[in-house]
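This report describes selected local features of one protein model. It covers backbone angles, strand pairing and helix packing.

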Amino acid sequence: MKSESAPSTSHGTSTFLSLPTELLENIILLSTLPPQNGPRSITAMAQTCHLVRSLIYNTVDSHLWREIFLATFDDPRAFATKLGLADHTPHDWEAEYKDRMGTPGVLALVSATLDAPPNPPYEHIETDGHVPLPRPQRTAACANSVWIDSVFIRDNPLLEAQYRSSPRLQWLYGPRYMEENSRRLAKVIVYDMRYLTPNRCWGPFMPLEEEEEITPNPAAALEIYGIRLQPSDLDVDDIDDSDYVASDTESNTDVQGDDNEDGSVIVPPGIHPLLLLQHLQPGPEGPTGAVYPTFPHNIVPDYTWLAAARLLIEENITERAFVVFPEPNDERQFLAELKALRGLEVLRMGGAPGYWEGATKWNNVTGEDSKEKDDGWDWAGVEGEYRRVVCWMDYRQLLLHNLQGPAAASSAAARYSRETIRVFPMHLHVSGYLPPPDAPPDFDKLSPQDQLVYILPIIEVEGNSTGSDMDEAAERRIWGTVRLIGGGIVRWTLTSAEPDTDDPEWITESVQMGQAGSAMGFMGLWTGALHEKTDPVGPCWAWKVN
């Protein structure tokens, strides 16, 4: 087809405007590439004449803006294409480009993160069982990753303010802008025993609307924080326990503590847990064990809780890595690798070691026979060895922490809320598969990621972990499931038994960080397996090492 050309000048000489339209569009496209300032270059060119302006803003289709967008960013359709899904999402290429290249905000960063293409197979750095990282010389960073890195190194007060208000970004990329009391406030969120409810599926999820009848009153969500412990409330004579021994900080009748500014009392160590339990209001009644709603795509992660959990875990690791890794070289290596887990590359699909060896059936997962496959397949990359970080408070301190409420975020209260951190090896393997849940009536209207919830099989998992807070050699049996929830996010539900028995003791509800099979692993909370009213709670994080 003959190329359309701009009209020549009256003198008949060749000019810029006489070039074929395709060449003019290529010149416009090249002006947007680094190190040029894309949006400003486009604006400047549009002001040269009516013809160029029309080429940019008045085209009958969006092909030029699509090429401009794809010159800087990854194709947002690549993820659905890799998964064999039909992406019917309309893309306003011009608007998406301007959103990202103007003053990038939270929505642009989240969009670029979710649109990242799957990570191709690559060789990992040998880390002796620490954090696996890709070999830079053997894998190229995706376009979105390069752009996100460039955004974070800019001096952008607006982005900093938006980042602070986005728990999702803080969870995915870590606490980049720390405040003096950030860690103490995170403890208030993570160690809130009232957080555990069945309508949150006993995990770090937003309350389910379909279970509103058992949802606590939102206004009373922090009701436990309204409790204020006064000296007259704690009478040691009320304790009926032959093993109880009063500490030096207690009198025969009252407990003396430091006064908070709000008039409440920070109770010092030495108070018996049985006495503190009398002051804790019981949690909501509900089913024991894991909760699986009829339509799992309605489950949404609670990013506020998860962001607070990541902050605590990273701070605890940084502060007490020498306890976990006594050898100085191991400690330095571990901290360096942990610091590297701040970019998009470790959030992309397939970044975990050996992921693509088992997840080879992604293409055409929506085929007609996909739901008839009884054998299933390891689409989550479950098989392998892991390192699991677990944090917890002494149970007495946990009860005090909950009784103090917001006062627990004060510097005085922090003296009595020290956490313990341990890293345990864990091995998981696939023990079987279950069919996916029955799809809802509006399945065809769901996003490609939500449709996957009703296409991919549920993976049954078994394994074991070594070590406990009392015995480094203790063996625990592990079992559970891996399945998808809203947005195609991976949910890990794992139960661990008491050492050397099959009796369930603890359960973890976790969320994959990034896409399926990401090198970042999964993060969530642990609590009692039977979900009793006074069960403890704490954060945990696991990633695959082999």
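H531 counts as buried, at 10% relative accessibility. The model is a predicted one, and H531 lies in the loop between strand 9 and strand 10 (537-544). Phi of H531 is positive, near 55°, although the residue is not glycine. Most residues other than glycine have a negative phi.

D500 sits in the loop between strand 7 and strand 8. Is D500 buried or exposed? D500 has a relative accessible area of 68% and is therefore exposed, since exposed means over 50%. H531, at 10%, is buried because the cut-off for buried is under 20%.

Strand 7 (residues 489-497) and strand 8 (residues 504-512) run antiparallel and are joined by 7 bridges. S496 has W506 in strand 8 as its bridge partner. The two strands, strand 7 and strand 8, form a hairpin with 6 residues between them, and D500 belongs to the turn.

Strand 8 is also paired with strand 9 (residues 522-528). Strand 8 and strand 9 run antiparallel, with 7 bridges between them. I507 has T527 in strand 9 as its bridge partner.

## Helix 7 and helix 8

Two packed helices are described by the angle between their axes and the distance between the axes. For helix 7 (residues 106-114) and helix 8 (residues 143-152), the axes come within 9 Å and cross at roughly 150°. Helix 7 and helix 8 are therefore roughly antiparallel to each other, as angles over 145 degrees are counted that way. The crossing of helix 7 past helix 8 is left-handed.

Which residues of helix 7 and helix 8 meet? On helix 7 they are A108, L109, A112 and T113, and on helix 8 they are N144, W147, I148, V151 and F152. The contact of helix 7 with helix 8 has 7 nonpolar and 2 polar residues, and no charged ones.

## Helix 4 and helix 6

The axes of helix 4 (residues 63-70) and helix 6 (residues 93-101) come within 8 Å, crossing at roughly 35°. Helix 4 passes helix 6 in a left-handed crossing. Helix 4 contributes W65, R66, I68, F69 and L70 to the contact, and helix 6 contributes W93, E94, E96, Y97, K98 and R100.

By class, the residues in the contact of helix 4 with helix 6 are 6 nonpolar and 5 charged, with no polar ones. The charged class takes in Asp, Glu, Lys and Arg.

## Helix 1 and helix 3

How are helix 1 (residues 21-31) and helix 3 (residues 50-57) placed, and at what angle do they cross? Their axes come within 11 Å and cross at roughly 75°. That angle makes helix 1 roughly perpendicular to helix 3, because the range from 65 to 115 degrees is counted as roughly perpendicular.

T21, L24, E25 and I28 of helix 1 make the contact with L51, V52, L55 and I56 of helix 3. The contact of helix 1 with helix 3 has 6 nonpolar residues, 1 polar residue and 1 charged residue.

Definitions and conventions:
Residues are numbered from 1 along each chain as its sequence is written. This is a predicted model: local features need pLDDT of at least 70, side-chain atom pairs count only at pLDDT 80 or more; totals for chains, interfaces and linings use all residues. Side-chain values use heavy atoms; hydrogens and water are left out. Axes are lines fitted to C-alpha atoms, for helices over the stretch in contact, and angles run from 0 to 180 degrees between N-to-C directions. Helices (H or I, at least four residues) and strands (E, at least two) are DSSP runs, numbered from the N terminus. Angles under 35 degrees count as roughly parallel, over 145 as roughly antiparallel, 65 to 115 as roughly perpendicular and the rest as oblique. A crossing is left-handed if the near helix is turned anticlockwise from the far one by less than a right angle, and right-handed if clockwise. Contact means heavy atoms within 4.5 Å. Two strands pair if DSSP finds at least two bridges between them. Buried means under 20% relative accessible area, exposed over 50%, partly exposed in between (1.4 Å probe, protein chains only).
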